[in-house]
Amino acid sequence: SFFPQQRLRLDEAQSLWQGGRPPADILTIVGQDVHVPLYHEVLHYWRLMVGDSVPTARALSLLFYLLCIPAMYLLGTLAYGRNAGLFNAALIAVSPFMHWYGSEIRMYTVFPLLVALNQYCYIRILRSGKEPQEHAWAGYALTGLLGIFTHYFFLLTLLAQGIFFFLRRRVFPRDALRKFLLVWGLLAICLVPWVVFVFAQGQSQNASPVLSAPTTVNL
């Protein structure tokens, strides 16, 4: 369900404020926070195109959520067959978490969309055998680039893929190692300037969660 009239949450207000600044200022503000800037830049131009209101800003998250459903279907079908794809899509369609994030002005629907698309390309590469899959490699690189600038946790997806590749390298195409290293290297080159910029802001301590140290009682 889409709830355009629900009360504005603090994180949403932050997204609106950040996305309402000039594009260059967005980079500086987000660099002093705990996120990467792609969603906020997209939100900025989305509001310029469709109107500056809370419902229209939430509609961007709804759009990404709706795109998640066919993306999850394609991923499930490729990995395990059509029935698994339908089940995968159905889980996303009825997920209370996705319903909530589909109505929230945050990056939490574009993030799973990019993870699904990136993983789809990864499996296409895995299943390619000796056939060239240049479009799959291009899609893998593009979704990887968008993903690392959508949420830092996207790096965990790349890490898991890398671990699986080195554990099961024999099932991948012969030239996969060279191409993976090339893609991962290019992603690192793109991300490093952002990391340097974040530390140059002198606000990197903001990335630490405001949580007490775990103990045997509260763990």
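**Entry 1: conventions.** I call a crossing left-handed if the near helix is turned anticlockwise from the far one by less than a right angle, and right-handed if clockwise. I am working on a predicted model, where local features need pLDDT of at least 70, side-chain atom pairs count only at pLDDT 80 or more, and totals for chains, interfaces and linings use all residues. I number residues from 1 along each chain as its sequence is written, and side-chain values use heavy atoms, with hydrogens and water left out.

**Entry 2: α2 and α10.** I looked up the crossing of α2 and α10 and found it right-handed. The two axes (lines fitted to C-alpha atoms, for helices over the stretch in contact, with angles from 0 to 180 degrees between N-to-C directions) come within 9 Å and cross at roughly 70°. I therefore note α2 and α10 as roughly perpendicular (65 to 115 degrees; under 35 is roughly parallel, over 145 roughly antiparallel, the rest oblique). Contact, meaning heavy atoms within 4.5 Å, joins Leu27, Thr28, Val30 and Gly31 of α2 to Trp194, Phe197 and Val198 of α10. I sorted this contact into 5 nonpolar, 2 polar and no charged residues. For these classes, Ala, Val, Leu, Ile, Met, Phe, Trp, Tyr, Cys and Pro are nonpolar, Asp, Glu, Lys and Arg charged, and the others, Gly among them, polar.

**Entry 3: α7 and α9.** I then took helix α7 (residues 110-126) and helix α9 (residues 154-167), which pack at about 15° with their axes 10 Å apart. That angle makes α7 roughly parallel to α9. This crossing is right-handed. On the α7 side I listed Phe111, Leu114, Val115, Asn118, Gln119, Tyr122 and Leu126, and on the α9 side Phe154, Thr157, Leu158, Gln161, Phe164 and Phe165. The residues of this contact comprise 9 nonpolar, 4 polar and no charged.

**Entry 4: isoleucine 123.** I find isoleucine 123 in helix α7. Its relative accessible area is 10%, so isoleucine 123 is buried (under 20%; exposed is over 50%, partly exposed in between, with a 1.4 Å probe and protein chains only). Not counting residues up to four places away in sequence, isoleucine 123 touches Leu75, Leu78 and Ala79.

**Entry 5: the core.** I counted as a nonpolar core a set of buried Ala, Val, Leu, Ile, Met, Phe, Trp, Tyr and Cys residues joined through side-chain atoms within 4.5 Å. The largest has 49 residues, of which Tyr140, Phe172 and Phe180 touch the most other members. Elements giving two or more residues to this core include α4 (54-80), α8 (134-148) and α10 (176-200). Beyond four places in sequence, I find tyrosine 140 in contact with residues including Asn118, Tyr122, Leu158, Gln161 and Phe180.

Conventions:
Helix = DSSP H or I, 4+ residues; strand = E, 2+ residues; numbered from the N terminus.
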